[in-house]
Amino acid sequence: MSNAPPRNRAPIDVSTWSDAGSREALALVASSVAEMVGFEIAIISVVRGESMFSVAVEGRSGATSAMIGVATPMSVVAPEFERADDWGRFLFVPHERLGPDVDPAAGWWIPDIVPIDAEDAWHPLDLLIAPLYADSGSLIGLLSIDVPTSGRRPDLHQRHLMERYAAQAERTLRLAVEREELAERIRLAEAARRVVRFATSLDDVESVLDDCRYPLLEAFRADYLEIRTYATTEPAELPEAGSPPTGLPAELAEAIRTTARRCWDEQEVLVIGADLAHGRFVDAETNARLIEAHTLLGMSTSMLVPLGAAHASIGHLLFGRKDPAMAWSSDERAGILDIARDIGQVVVHSRTLAREQRLVAELRRLAAYKSQVLSMVSHELKNPLAAISGYVEMLESDPGITGTGQLSLGALDRATRRMGRLVDDLLVLSEVEDPEATVPTSLLDVRPVVEDAVELMRAAARRDLDLQVRAPEHPVLVCCSPFDLDRVLTNLVSNAVKYSPRGGQVTVSVDEGPDHVEIAVSDAGIGISPEDQQHLFTEFFRSTNPRALAQPGTGLGLTISSRMIERNRGRIEVESRLHHGSTFRVVLPRPATD
Ligand code: ADP
């Protein structure tokens, strides 16, 4: 009798086990054992989880190579070890001592022979097996021999030979198992590498999980893989992601989640088999649900892997295999935990990105709304303002109004003009802050724009002010909106003039860097305190310095200027010392030369 059952279930495809060289070596050992020891049948099986399956079969008398890959549950073989005579490496169970479960259907192959008429005759139900062990002492396989050519139980000479061949079979199987483990580690390392590669892609969670799916299924030789991340409410609401719903009843799906969370806390993988005994953190009820879930999914063995990052469990992977003989190896269990940590990082990464994108969209929406309101209010103010200044003008030309009447009209006129400037600035602000607005740009020389802004100020400024321009002889090109650049330079030069004392000096210089153009407006005026510099580009900010407040202004000029330069892909920098003066620098990228 041998441990390979007749064809009562589909054989395992052993070509997926170890390499062809190892399988050939084992086949050679099996045939040498049979031939040299004088048996018709020799089978070498390898242990895989709860079963063992034959990887090399040498046989006549009906045991054929078709028996390769046939699995026998360990629960059928192991009890016979107890009943056996100890023959050294071999264990012999005479047929009269066999257990009650010996049954071809349970995993035994019984040769079709009639015992000879002798006291030491071999009986078809005699069992002769040599357990094969790894260096560590764990059982890795079995050498089983059957049907002696002599028709008799082996004599001492044969038993001596059998010892040697069992040792050889053990050495060969150890090597094969080691090679298999090595190949497995390489496969897992490859899967980890591929998963980590996806980690650098800044995709959304769904596509990251989708990308991981195939390499994982392939590397873990799984028939089923559910990848799931759980919905979050904090810090932002994010929906579940991953494989489509399994269709499992809600309480079973919940049992999987609860267990995955515990698995993350324990940093463990949970293998679910036909009879998962509830472990340290799975209670009896959850245990029953997990088994039910995995049975409903049609799996023989499953592996639940937690996904998480830092202290939070964020999802799970549920692998399934249909073949009961394909147990999850310790390398696989350790490897997948590492990979799952990487996936956890990727998911957190993508989720953060999704949250940021949402936030940006929300901010854009708010900015658009703000600019709409600004624009509406300024338009609404424009008409009544125009009416007021019209009437003021009319009254001013009335010769009947004199004295205090004239003075009041003058004050009204100044206030109306101030309001007019404020409304104009608000309108421009609403336009530059509109995220939907596009700005037409062109290739232009900055020097005439600078000259125009300075000339305008020269005409308006006090005579004692020294206004200088320093620019290269050749054109200095930038790609930007001429309207924006003109408005920004006018604002900066007018501020420099406004906040300079009598006899002050303002210089506008144009310089070219390797990849940028810099326009600096410098004054030796009242300067700006470090605290005030923090807020210069905030709407309606006006200095706390009384000398600055003495000048008229809306506090919108610099805000508008910085938004304009930003939308032309540049920036404004400021350098200032209180009571010594300020320099505002506009930095714009140089246009590409080709
Ligand atoms: P406004 O000049 O209309 O008040 P801005 O936005 O142009 O508005 O300027 C904001 C504030 O920055 C000013 O009120 C002033 O206090 C300060 N500031 C701007 N430019 C200068 C400068 N060249 N020197 C000193 N202070 C300045």
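Two strands are taken to pair where DSSP finds at least two bridges between them. In this predicted model, strand S11 (residues 301-309) and strand S12 (residues 312-321) meet that criterion with nine bridges, running in the antiparallel sense. Within this pair, Ala-309 lies opposite Ala-312 of S12.

S11 and S12 belong to an open sheet of five strands, ordered S9-S8-S12-S11-S10 and paired in antiparallel fashion. Strands of a sheet pair through backbone hydrogen bonds, in either a parallel or an antiparallel arrangement.

A further antiparallel pairing joins strand S18 (residues 571-577) to S19 through seven bridges. Here Val-574 has Phe-584 of S19 as its bridge partner. The two strands form a hairpin with three residues between them, in which His-579 adopts a positive phi near 70°.

Strand S19 (581-589) also contributes to the ligand site: together with helix H11 (482-498) and helix H14 (557-567), this strand is among the elements that each supply at least two residues of the shell around the ligand. The greatest contribution comes from H11, which provides four residues. The shell comprises 22 residues, of which Asn-495, Asp-523, Arg-542, Ser-543 and Leu-558 come nearest to the ligand. Classified by residue type, the shell contains ten nonpolar, nine polar and three charged residues.

The ligand itself sits in the largest pocket. For Leu-558, a polar backbone atom is 2.7 Å from an oxygen atom of the ligand. The corresponding separation is 3.0 Å for a polar backbone atom of Thr-554, and a polar backbone atom of Gly-557 is 3.3 Å from a ligand oxygen.

Note on methods:
Residues are numbered from 1 along each chain as its sequence is written. This is a predicted model: local features need pLDDT of at least 70, side-chain atom pairs count only at pLDDT 80 or more; totals for chains, interfaces and linings use all residues. Side-chain values use heavy atoms; hydrogens and water are left out. A residue is near a molecule or strand if one of its heavy atoms lies within 4 Å of it. A polar contact is a pair of N or O atoms within 3.5 Å; within protein, one must be able to donate a hydrogen and the other to accept it, and residues adjacent in sequence count only if both atoms are side-chain atoms. On a 1 Å grid over the protein atoms alone, a cavity is a set of points where a 1.4 Å probe fits but cannot get out, and a pocket is an open set with protein on both sides within 12 Å along at least five of seven lines; lining residues have an atom within 4 Å of a point. A molecule sits in a cavity or pocket if more than half of its atoms lie within 2 Å of its grid points. Ala, Val, Leu, Ile, Met, Phe, Trp, Tyr, Cys and Pro count as nonpolar, Asp, Glu, Lys and Arg as charged, and the others, Gly among them, as polar.
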